[in-house]
Amino acid sequence: ATLMEIDIANAQFFFLSLLLVKDKLPSTKKFIKLCQDGELYKTIAIDYYGDDSNRDLVKRKLIAEFLFSERNWSKLSKWVAKEYPGVAEVVKQLKADRFQNCARTLQRGEASLMVDKIFLPLLKSGITTYTVHDSIIVQEQHAKDVAAFIKETCVDLYGVNPQLNFEVFLSRRQAKNNTIQTHIDNLISYGKGNPKVLDKFLRDLKDENSMIHELFVRNNAFI
């Protein structure tokens with residue numbers, strides 16, 4: 001049976017938004033709406049870079065720097081702090097004693113919801129459920145009902161109806177193989193005009209990782 005992975009869009013910032021509701025600054029209200037609508041990374045990518053092609057880069061930087069880093073913010077994180085000063089102040093307060101406390105606070109909130117309020121009740125109801133990081137994994141036939149339950153729970157607890165992400169769940173091995181396959185496809189395309197590059201790569205690869213080597217040879221008919 002197909003497994004579906006369900007999670008809250010921009011989850012770390014969704015939980016941050018719950019701590020911002022007392023801030024009346026217009027920019028903070030905008031930030032809260034972006035978080036709760038699941039549009040934060042896309043909107044910041046458009047505002048900062050001019051389009052949404054850097055959405056994933058924005059996500060990585062904001063989580064690693066704005067939320068979880070002590071200092072050494074990039075220009076992007078500094079820009080976000082300037083655009084949303086009320087948000088930056090709350091993050092600063094969360095990091096006041098130890099900068100790690102910001103991550104811990106948000107992750108505890110997320111775990112409390114996804115494990116205590118979602119995962120365990122679903123198990124008790126008879127729906128086979130798994131958790132992977134901040135996601136709930138269920139069989140496809142239960143996905144619609146589980147998503148409704150997540151939304152209802154968030155409304156009951158926080159008064160917020162979050163945006164959810166749905167993906168077909170891939171095991172870690174499947175995901176790794178898909179990534180490897182993408183690299184192989186790209187290299188083959190590049191290497192058709194560069195046989196020496198491919199020959200050296202193949203020799204090095206055989207020494208380092210036999211599984212990737214096997215995949216590469218299987219997909220590389222011209223070597």
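The side chains of Lys33 and Asp37 meet in a salt bridge, with 2.5 Å from N to O; the term stands for a side-chain nitrogen of Lys or Arg within 4 Å of a carboxyl oxygen of Asp or Glu. Lys33 and Asp37 are four residues apart in helix α2, so about one helical turn separates them. Lys33 counts as exposed at 54% relative accessibility, while Asp37 is partly exposed at 32%. Here buried means under 20% relative accessible area, exposed means over 50%, and partly exposed is what lies in between, with a 1.4 Å probe and protein chains only.

Before we go on, please keep in mind that this is a predicted model: local features need pLDDT of at least 70 and side-chain atom pairs count only at pLDDT 80 or more, whereas totals for chains, interfaces and linings use all residues. Residues are numbered from 1 along each chain as its sequence is written, and side-chain values use heavy atoms, with hydrogens and water left out.

## Salt bridges

A search of the whole structure finds three salt bridges. Here they are side by side.

| Pair | N to O distance |
|---|---|
| Lys33 and Asp37 | 2.5 Å |
| Asp56 and Arg55 | 3.1 Å |
| Asp47 and Lys30 | 3.9 Å |

The side chains of Asp47 and Lys30 form one of these bridges.

In the bridge between Asp56 and Arg55, Asp56 has a relative accessible area of 45% and is partly exposed. Arg55 counts as partly exposed at 29%.

## How the helices meet

The chain has 11 helices and four strands. These are DSSP runs numbered from the N terminus, with helices being H or I of at least four residues and strands being E of at least two.

Helix α2 (residues 26-37) and helix α3 (residues 40-49) have axes that come within 7 Å and cross at roughly 125°. The two helices are therefore oblique to each other. On the α2 side the contact is made by Lys30, Phe31, Leu34 and Cys35, and on the α3 side by Leu40, Thr43 and Asp47. Contact means heavy atoms within 4.5 Å. The axes are lines fitted to C-alpha atoms, for helices over the stretch in contact, and angles run from 0 to 180 degrees between N-to-C directions.

Helix α3 also meets helix α4 (residues 55-67), where the axes come within 8 Å and cross at roughly 105°. This makes α3 and α4 roughly perpendicular to each other. Tyr41, Lys42, Ile44, Ala45 and Tyr49 contribute from α3, and Arg55, Leu57, Val58, Lys59, Lys61, Leu62 and Ile63 from α4. As for the angle words, under 35 degrees is roughly parallel, over 145 roughly antiparallel, 65 to 115 roughly perpendicular, and the rest oblique.

## Two buried residues

Ile44 sits in helix α3 and is buried, at 0% relative accessibility. Leaving aside neighbours within four places in sequence, Ile44 is in contact with Tyr49, Val58, Leu62, Leu76, Trp79 and Val80. The C-alpha atoms of Ile44 and Phe31 are separated by 9.9 Å, with the two residues 13 apart along the chain.

Asn10 lies in the loop between β1 (3-8) and α1 (11-17). With a relative accessible area of 6%, Asn10 is buried. Beyond residues up to four places away in sequence, Asn10 touches Leu34, Cys35, Gly38, Glu39, Leu40 and Tyr41.

## Surface and chain totals

Val115, Leu120 and Leu123 form a nonpolar patch on the surface, with about 210 Å² of accessible area together. Patches are made of residues with over 30% relative accessible area and no salt bridge, joined within 9 Å for like charges and within 5 Å for nonpolar side chains (Val, Leu, Ile, Met, Phe, Trp, Tyr). Leu123 is found in helix α7 (residues 100-124) and is partly exposed at 40% relative accessibility.

For the chain, the accessible surface comes to about 13,400 Å², and 51% of that belongs to carbon and sulfur atoms. Accessible areas come from the Shrake-Rupley method with a 1.4 Å probe; for residues, only the protein chains shown count as cover. Buried residues make up 38% of the 223 residues in the chain. Among contacts between residues at least 6 apart in sequence, 60% join residues at least 24 apart.
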